[in-house]
Amino acid sequence: MSTPEPQSSSAAATPPPRATEEGAIVLAGGAAILLGAIGAAHGGYFPTAWGWAALAFGVVALVALAMRRRLAWRRQELIPLAALALFVTWVGLSIIWSDDVPRSVLELERALVYLLAFTAALLVLRSRQRPP
C-alpha cells in the first residue's frame with residue numbers, strides 16, 4: 001500500500017477564481033462611475049445630491065461586502081472607520097439639541113456620505129497581498 005503524499009503549501013495559496021477578479025473590476029468601475037456622477041452633480045456640494053450619494057455608496061459597500069469570502073479588518077482600517085462612525089453618531093445626536101433641526105438632518109446626511117464612501121473605499125480598494 002502506498003501512502004498519499006501530503007499536499008504542498010502552494011495549494012493553499014492559489015489565487016482567487018477569475019470570476020472574483022472580474023467582479024472586482026466591475027465593482028471598481030461602478031465606483032468610478034459613481035464618483036464621476038457625483039462630480040457632474042456640482043461635486044455633491046448641494047444637499048439634493050447627498051441622499052443619492054449615500055445610497056449609491058451604501059450599495060457599492062454592500063456589493064463589495066457580498067463579494068468577499070471572509071472579512072478581516074486590520075487595525076489601520078478599523079481605527080479611522082470607528083472614528084468616522086463616532087463622528088457620524090455625534091452629528092446624529094446633535095439633532096436633539098439643535099436650534100435648526102432640518103439643517104442638522106442635512107448635516108447627518110452629508111456625514112453619512114463620508115462614512116459610506118470611506119467604507120466602500122476600504123472594501124473595494126483592499127490590498128490583494130496575503131499576510132506573511
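**Salt bridges, cores and a surface patch**

Let's start with Arg110, which counts as partly exposed at 23% relative accessibility. Keep in mind as you look around that this is a predicted model.

Who does Arg110 form a salt bridge with? The partner is Glu107, and the closest N and O atoms of this pair are 2.7 Å apart. Both residues belong to helix α4, where three residues, about one turn of the helix, separate Arg110 from Glu107. Glu107 also forms a salt bridge with Arg103, this time with 2.9 Å between the closest N and O atoms. Arg103 lies in α4 too, four residues from Glu107, again about one turn of the helix. Put together, Arg103, Glu107 and Arg110 make up a linked network of salt bridges. Glu107 has a relative accessible area of 23%, so it is partly exposed. Arg103, at 39%, is partly exposed as well.

As a rule, side chains of opposite charge can pair when their charged atoms come close. How many salt bridges does the structure hold? There are three, and one of them joins the side chains of Arg74 and Glu77, with 3.0 Å from N to O.

Now for the greasy parts. In soluble globular proteins, nonpolar side chains tend to be buried together. Here the largest nonpolar core has 14 residues, and Leu34, Ile38, Ala53, Phe57, Val60, Val113 and Ala120 are the ones with the most contacts inside it. Helices α1 (18-40), α2 (47-66) and α4 (101-124) each bring at least two residues to this core. Which helix gives the most? That would be α2, with seven residues.

Some nonpolar side chains sit on the surface, though. Trp52, Leu55, Val59 and Val63 form a nonpolar patch there, and together they have about 420 Å² of accessible area. Take Leu55, found in helix α2. Its relative accessible area is 49%, so Leu55 is partly exposed; a residue counts as exposed when it is over 50%.

Note on methods: Residues are numbered from 1 along each chain as its sequence is written. This is a predicted model: local features need pLDDT of at least 70, side-chain atom pairs count only at pLDDT 80 or more; totals for chains, interfaces and linings use all residues. Side-chain values use heavy atoms; hydrogens and water are left out. A nonpolar core is a set of buried Ala, Val, Leu, Ile, Met, Phe, Trp, Tyr and Cys residues joined through side-chain atoms within 4.5 Å. Buried means under 20% relative accessible area, exposed over 50%, partly exposed in between (1.4 Å probe, protein chains only). Patches are made of residues with over 30% relative accessible area and no salt bridge: like charges are joined within 9 Å, nonpolar side chains (Val, Leu, Ile, Met, Phe, Trp, Tyr) within 5 Å. Accessible areas come from the Shrake-Rupley method with a 1.4 Å probe; for residues, only the protein chains shown count as cover. A salt bridge is a side-chain nitrogen of Lys or Arg within 4 Å of a carboxyl oxygen of Asp or Glu.
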